Amino acid sequence: MFQCKTVWNKMAPLARASSTLCRQSGKREVLRHVRRPVLAHQALMSSGATGGGMENTLYVLLVGATCLGGGVFVYRTLSRDKARYDDRLSDISSRWSEQREQGPAQAEPQQGAADPSITESVVKEVSPEASETAFKVPTLEVATEAPAVEAPVTGARITGTCLTDAESADPSSLGESAEPGLAAWQNVTESASDPPPASAMSPVEPALPEVPEHAPYLLIGGGTASFAAARSIRARDPGARVLIVTDEADLPYMRPPLSKELWFSDDPSVTETLRFKQWNGKERSIYFQPPSFYVSPRELQTVENGGVAVLMDRKVTHMDVRGSKVKLSDGTEISYDKCLIATGGVPRNLQVIERAGEEVKKRTTLFRKIEDFRALEKVSRELKSITIIGGGFLGSELACALGRRSADLGLEVVQMFPEKGNMGKVLPEYLSNWTTEKVKKEGVTVLTDAVVKNVSYKDGKVQIRMKDGRVVKTDHVVAAVGLEPNVELARSAGLEVDSDFGGYRVNAELQARANIWVAGDAACFYDIKLGRRRVEHHDHAVVSGRLAGENMTGADKPYWHQSMFWSDLGPDVGYEAIGIVDSNLPTVGVFTKATAKDTPRAVTELSGTGIRSESETEAVAGAVAGAVAGAAGAPAPPPQQKEDYGKGVIFYLRDKVVVGIVLWNVFNRMPIARKIIKDGEEHADLNEVAKLFNIHDD
């Protein structure tokens with residue numbers, strides 16, 4: 001060290017002089033735009049006597065050695081510090097693992113370790129002899145004091161200077177006075193490095209409530225309209241959190257198969273699987289989506305990217321529109337930002353049955369839900385006779401379905417209604433009578449002009465007495481006499497109910513209030529072509545639910561869609577209808593002989609779906625839009641055979657304008673019918689209009 005200092009004292013004046021000359025010379029040369037400036041004259045850079053001309057070799061060697069030595073020193077210092085740091089971490093980790101294996105009883109601090117409550121220094125000052133090495137032992141304080149640099153141990157902080165390499169390796173170099181402090185330091189670090197309790201290491205998060213307190217999109221009702229709205233909302237707002245509240249114990253499902261395809265299944269476990277074969281033989285489930293499609297209501301508020309949750313077996317009993325919240329049947333409250341009411345309807349019952357007593361009510365089915373299908377399917381296998389009251393869509397479909405299995409089960413099926421024929425309120429009389437004969441061929445006893453006067457239970461049978469004196473004795477009754485819109489929330493929500501058609505009155509955007517929409521069977525909407533209406537069919541539920549979902553996300557679209565409906569009397573006879581189809585209106589029918597492809601079975605084989613409204617395409621209407629004008633020049637249809645209603649088109653007129661159309665065994669032509677009603681024009685010859693549906697093509 002002393003030799004280096006002597007050399008430096010000798011060389012320092014020369015180094016300073018050379019550095020000054022180099023800077024001055026460099027500045028002059030740069031200002032003169034010299035490409036390679038000479039930093040100093042060789043004579044001045046010499047280490048020998050002035051003017052000796054000696055080379056500056058000694059100067060270069062000195063500077064290079066200094067830089068090299070400094071780099072080596074920095075590298076060695078950093079390497080030793082990193083090694084000490086790694087060793088310390090390894091030591092702490094090993095002690096922690098050993099204490100964890102020993103158990104909590106042996107993991108307590110050893111005797112002599114520092115107490116966390118101590119606030120005074122536990123380390124004595126280093127002796128004067130040791131002070132020449134210039135260092136103090138660290139002092140310890142509890143972590144509840146003012147903020148300080150945190151140590152890598154729990155519950156304490158460290159102040160003071162660090163030990164040197166030699167002192168860390170040999171504690172005896174600090175002298176005897178440092179031993180107690182060092183022992184205390186080791187004990188404290190060992191105690192502080194103990195693992196915290198399990199409750200502290202993995203805190204238990206509070207359980208999420210089963211029912212979310214808030215839903216940005218709340219859909220009341222678990223039917224087709226709600227599901228269509230949920231998908232529409234998610235399509236426009238991928239991160240939306242949608243909650244469906246339903247009083248049923250099932251996920252959203254389609255209702256049409258309950259009275260159609262499910263009854264023709266050969267699977268004995270169809271009531272459990274709820275899977276069925278369509279008329280084309282393809283199998284599908286009654287549910288719109290499997291359970292994996294939905295998220296749990298408990299996780300709806302926290303799940304990433306939102307989702308659709310279904311809260312089953314819950315009924316909304318009260319609605320606070322001003323507070324934007326609802327109350328459930330169990331007293332739980334849910335707030336919302338936007339709400340859709342899609343409560344559907346409740347099956348009507350005959351007053352004579354409601355007054356008949358409990359024995360009759362227990363033997364009566366109001367067909368609407370999955371549980372009703374299961375109950376009636378079980379009854380059809382266990383009992384000997386079933387009577388269906390009602391001649392509309394549902395009653396006629398159930399009559400045909402039960403009639404098909406009556407021969408195999410030894411079941412007597414009776415259908416009664418006050419009209420002159422099946423679906424007498426919809427079809428013209430001649431077609432209604434033809435349909436009645438079709439139902440009879442299925443093995444059903446049909447009683448027309450039957451007005452129920454009294455129902456009673458006697459001798460183990462339900463007795464139905466009609467006004468004309470006829471009496472029917474049966475084991476079970478199915479009441480299929482229509483649907484009553486569910487408007488129970490109207491009073492608490494302050495919503496208007498239409499006095500003529502029932503249901504919640506909504507505007508063209510299906511909106512009842514500022515943040516409340518209504519869709520499906522419960523919506524009484526204004527049709528721009530046909531006036532105010534309320535429709536109870538699957539296609540309307542799909543379209544109105546989809547539109548309501550779009551408007552809930554800000555679309556503000558009016559409802560202009562002319563919904564359709566369909567009914568199948570087994571796999572061989574079916575029809576689709578649109579607009580106002582009322583048998584009291586004047587009608588014009590155009591029929592021709594049906595072929596093998598003119599059946600519900602054939603159309604499902606072509607479209608691949610049993611829900612025919614899903615296979616509609618507006619492109620068909622656009623492709624044939626210009627055909628109306630060109631149809632006038634086509635030849636007249638061939639003459640029909642008497643009472644051969646194989647397939648055809650029935651037009652319903654009001655003031656000479658077509659307001660409704662029924663396609664009898666004519667499928668996938670609904671967009672054409674929709675356009676005819678939308679145009680609202682008078683037609684001099686409806687035979688020419690019927691050609692648009694290609695009913696004469698083989």
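Over residues 58-78 the chain is 100% helix and 0% strand, and the end C-alpha atoms lie 31 Å apart. Helices (H or I, at least four residues) and strands (E, at least two) are DSSP runs, numbered from the N terminus. UniProt, in an unreviewed entry, places the feature "transmembrane region" at residues 58-78. UniProt positions follow the numbering used here, feature names are shortened, and annotations may be inferred rather than shown by experiment.

This is a predicted model: local features need pLDDT of at least 70, side-chain atom pairs count only at pLDDT 80 or more, and totals for chains, interfaces and linings use all residues. Residues are numbered from 1 along each chain as its sequence is written, and side-chain values use heavy atoms, with hydrogens and water left out.

**Nonpolar cores**

The largest nonpolar core has 104 residues. Such a core is a set of buried Ala, Val, Leu, Ile, Met, Phe, Trp, Tyr and Cys residues joined through side-chain atoms within 4.5 Å. Those with the most contacts inside the largest core are Leu 218, Leu 219, Leu 243, Met 319, Leu 340 and Trp 664. Apart from it lies another core, of 22 residues, among them Met 564, Val 590, Phe 651 and Ala 690.

Leu 243 has contacts (heavy atoms within 4.5 Å) beyond four places in sequence, including Pro 212, Tyr 217, Pro 297, Ala 309 and Ile 334.

**The S16-S17-S18 sheet**

Three strands form an open sheet in the order S16-S17-S18, with antiparallel pairing. S16 and S18 (471-474) stand at the edges, each with a single partner strand, so one side of each is left without a neighbour in the sheet. The twist averages 20 degrees from one strand to the next. Two strands pair if DSSP finds at least two bridges between them. S17 (residues 461-466) and S18 pair over four bridges. Gln 463 stands opposite Lys 473 in S18.

Lys 453 belongs to S16 (residues 452-458). Leaving aside neighbours within four places in sequence, Lys 453 contacts Val 352, Arg 465, Met 466 and Lys 467. Gly 469 is 16 residues from Lys 453 in sequence and 9.0 Å away, C-alpha to C-alpha.

Buried means under 20% relative accessible area, exposed over 50%, partly exposed in between (1.4 Å probe, protein chains only).

| Residue | Relative accessible area | Class |
|---|---|---|
| Lys 453 | 53% | exposed |
| Ser 324 | 17% | buried |
| Asn 694 | 34% | partly exposed |

Ser 324 sits in the loop between strand S8 (316-320) and strand S9 (325-328). Its phi is near 55 degrees, a positive value in a residue other than glycine. Asn 694 is in the segment after helix H21 (686-690). Phi of Asn 694 is also positive, near 55 degrees.

Definitions and conventions: Axes are lines fitted to C-alpha atoms, for helices over the stretch in contact, and angles run from 0 to 180 degrees between N-to-C directions.
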